Amino acid sequence: MVSHSELRTLFCSADAVCFDVDSTVIREEGIDELAKFCGVEDAVSEMTRRAMGGAVPFQVALAERLALIRPSREQVQRLLAEHPPHLTPGVRMFSLDLEET
């Protein structure tokens, strides 16, 4: 285990940080919403079920689900415009003003 101070130092010195925010920071599960929007919800749900059960590795399941959905940039933008994600209660919106020094 690392201390809070060590963790903060690590995050502040990282070039990039990645978080899975689906069903944690936002209430929606993004890939499921995109599959529904693109009309392939049932097939993607089945692949998700198999992956969650351990039958398929996560990376394989993600690639297969995206291959089923085949979303265009325009579809993703339209989905976000028509059905914006909702923050989970207790999570507040913030922005970082990152200026180069």
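The model is predicted, so to speak of local features takes a pLDDT of at least 70 and side-chain atom pairs count only at pLDDT 80 or more, while totals for chains, interfaces and linings use all residues. Residues are numbered from 1 along each chain as its sequence is written, and side-chain values use heavy atoms, with hydrogens and water left out.

Helix H3 covers residues 41-52 (helices are DSSP runs of H or I, at least four residues, numbered from the N terminus). Its 12 residues reach 16 Å from first C-alpha to last, close to the 16 Å expected at 1.5 Å a residue (the expected span being 1.5 Å times one less than the number of residues). Val44, Met47, Thr48 and Ala51 are the buried residues of H3 (buried is under 20% relative accessible area, exposed over 50%, partly exposed in between, with a 1.4 Å probe and protein chains only). Seen down the axis, these buried residues fall within an arc of 105°, so they line one face of H3 (the arc is taken over directions from the helix axis to the C-beta atoms). Over on the other side, Asp42 and Arg49 are exposed. The buried residues of H3 pack against H2 and helix H4 (58-69).

Val91, in the segment after helix H5 (73-82), counts as partly exposed at 31% relative accessibility.

Note on methods
Helices (H or I, at least four residues) and strands (E, at least two) are DSSP runs, numbered from the N terminus. Contact means heavy atoms within 4.5 Å.
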